[in-house]
Amino acid sequence: QKLSYQQFLLTLLKWVLIGIGLTTVSSIFTVMIVIPFIIDGIYLSLLILSSIIEVFMVYFLVKRLTQLSNQSAKKYYYIYSILNGISLSLWINFTAPGAVIIAFALTCAYFGLLYTIVKYSKTNFLTMGKVCQAALPMLLIGYIILLFMNVPIYYHIIVILDLIIFTGLILYDMKTIQRIYEECLPEELESQAMKGALLLYLDFINVFLDILMLIADNS
């Protein structure tokens, strides 16, 4: 018997919570064990490098996700969640706790808004998704250039561009998850929920980092 869409979303949510758990553990480990030994002079470079890794992982997984077996997708999900904890710990340590809370609340609200748009829209966001996927390599190049430039206006442009691109990807991914549920076989729903969770988790973390970077810069 095929899972209801509500049950499918709950399964997807379970996988998102698994990712958050792994991220939390690796983040705490990094804050307690690694960060105290980081030299101040290289901290900013590590922050930008962590952003490059985030975007690269999204580009890699978006391109290959449909080709991955269930086991391979799980492996990449676990690896990304752990690496993401390291990246987040750098940003969280760099900002005030209040900025992190505000960024998380704004990201949740933003996701809720985008979910509402997808729920009531008949658009498939296919063209938007393809354009945003194609823009990811340029975004990577932008972050790499940012490593060697200390220009505030360029920093703002890259972060805002990142946010726009991931907004398009979120709309596309949410609509894709709806379509996958409607089209896939009942025995495939568990693995498809996990892959859908990976996509949304990638999107959520990148939007959270964008908002946190803007708040941290303003503070």
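Residues are numbered from 1 along each chain as its sequence is written. In this predicted model, local features need pLDDT of at least 70, side-chain atom pairs count only at pLDDT 80 or more, and totals for chains, interfaces and linings use all residues, while side-chain values use heavy atoms, without hydrogens and water.

**Exercise 1.** Describe how helices α5 and α6 are oriented to each other.

*Solution.* Step 1: helix α5 (residues 126–146) and helix α6 (residues 152–183) have axes that come within 9 Å and cross at roughly 155°. Step 2: α5 is therefore roughly antiparallel to α6 (an angle over 145 degrees, on a scale from 0 to 180 degrees between N-to-C directions). Step 3: the contact of α5 with α6 comprises 18 nonpolar, 4 polar and 2 charged residues (Asp, Glu, Lys and Arg count as charged; Ala, Val, Leu, Ile, Met, Phe, Trp, Tyr, Cys and Pro as nonpolar; the others, Gly among them, as polar).

**Exercise 2.** Characterise the lining of the largest pocket.

*Solution.* Step 1: its volume is about 790 Å³. Step 2: 28 residues line the largest pocket, with Leu13, Val16, Ile20, Phe111 and Phe204 closest to its centre. Step 3: α1 gives the most to this lining, 10 residues. Step 4: the lining has 23 nonpolar, 5 polar and no charged residues.

**Exercise 3.** Determine which helix gives the most to the lining of the second largest pocket, and state the classes of the lining residues.

*Solution.* Step 1: the second largest pocket has a volume of about 390 Å³. Step 2: α6 gives the most to its lining, with 6 residues. Step 3: the lining holds 6 nonpolar, 5 polar and 6 charged residues.

Conventions. Helices (H or I, at least four residues) and strands (E, at least two) are DSSP runs, numbered from the N terminus. Angles under 35 degrees count as roughly parallel, over 145 as roughly antiparallel, 65 to 115 as roughly perpendicular and the rest as oblique. On a 1 Å grid over the protein atoms alone, a cavity is a set of points where a 1.4 Å probe fits but cannot get out, and a pocket is an open set with protein on both sides within 12 Å along at least five of seven lines; lining residues have an atom within 4 Å of a point. Grid points are joined across faces, edges and corners, and a volume is the space filled by probe spheres set on the points.
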